[in-house]
Each structure stands twice: as C-alpha cells, then as structure tokens.
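Dear colleague,

Please find below the structure that I promised to hand over to you.

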Amino acid sequence: MENQYCRVGTVTPMTTGRQAIALLENQYQNFMEKAANMEYADAKLVEFFEQKAKKIKIMLEKLMQ
C-alpha cells in the first residue's frame with residue numbers, strides 16, 4: 001500500500017488577469033445574493049455575507065487598476 005498525503009488546508013493560488021476578475025465577480029454576486037436571501041432569517045449571517053462581499057469588492061477594485 002502506498003502512502004497517501006492529505007491536502008486539507010492547502011490553498012490553490014488564484015489565477016491572474018481576467019480569470020481572477022471573473023472568479024471574484026462571481027463570488028461577489030454569490031455573497032450578495034446569499035445576504036439578500038437571508039435578510040429576514042439571521043442578521044448575523046447577513047452581516048457576514050455582506051462583509052465577505054465588501055472584501056471581495058475591494059480586491060476587485062485593486063485588480064481593475
């Protein structure tokens with residue numbers, strides 16, 4: 001039997017250029033939709049999703065410059 005190595009916790013580097021921008025835009029939209037859908041359910045969870053979206057938006061703005 002061969003050794004197997006666990007990859008839990010490893011990070012895949014983000015692609016550069018247009019692929020990174022498209023990925024971040026998709027994540028931003030996803031978090032904003034989750035925040036909108038949870039608006040009446042859990043305020044803390046909505047705040048979490050909005051904060052994640054805000055961080056992604058800042059990263060997007062830096063990439064666009």
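The following paragraphs describe what was found, beginning with the whole chain and then turning to its parts.

Please bear in mind that this is a predicted model. The protein chain contains two helices and zero strands. Of its 65 residues, 15% count as buried. The chain exposes about 6,100 Å², and carbon and sulfur atoms supply 53% of that area. Among the contacts in the chain with a separation of 6 or more, 52% are accounted for by residues 24 or more positions apart.

Helix 1

Helix 1 is made up of 20 residues. From its first C-alpha to its last it reaches 29 Å, which is close to the 28 Å expected at 1.5 Å a residue. Which residues of helix 1 are buried? They are A20, I21, L24, F31 and A35. These residues lie on the same side of helix 1 because they cover an arc of only 95 degrees around the axis. On the other side of helix 1, the residues R18, Q19, N26 and N37 are exposed. The buried residues of helix 1 pack against helix 2.

A20 belongs to helix 1. Its relative accessible area is 1%, and A20 therefore counts as buried, a term that applies under 20%. A20 and L63 are separated by 43 residues in sequence, yet their C-alpha atoms are 8.6 Å apart in space.

Where do the residues of the largest nonpolar core come from? This core has nine residues, namely I21, L24, F31, A35, V46, F49, A53, I56 and L60. The elements that give two or more residues to this core are helix 1, spanning 18-37, and helix 2, spanning 43-64. Helix 2 provides the largest share of the core, with five residues.

F49 and the aromatic residues

F49 is one of the residues of this core. If its neighbours within four places in sequence are left aside, F49 is in contact with F31, K34, A35 and M38. How many aromatic pairs does a search of the whole structure find? The search finds two such pairs. One aromatic cluster is formed by F31, F48 and F49.

Yours sincerely

Methods. Residues numbered from 1 in each chain as written. Predicted model: local features only at pLDDT ≥ 70, side-chain atom pairs only at ≥ 80, totals over all residues. Heavy atoms only, no water. Core = buried A, V, L, I, M, F, W, Y, C linked by side-chain atoms within 4.5 Å. Buried < 20%, exposed > 50% of the residue type's maximum accessible area, 1.4 Å probe, protein only. Helix = DSSP H or I, 4+ residues; strand = E, 2+ residues; numbered from the N terminus. Contact = heavy atoms within 4.5 Å. Phe/Tyr/Trp six-rings, centres within 6.5 Å; stacked < 30°, edge-to-face > 60°. Expected span 1.5 Å × (residues − 1). Arc of directions from axis to C-beta. Areas by Shrake-Rupley, 256 points an atom, 1.4 Å probe, with all protein chains shown as cover.
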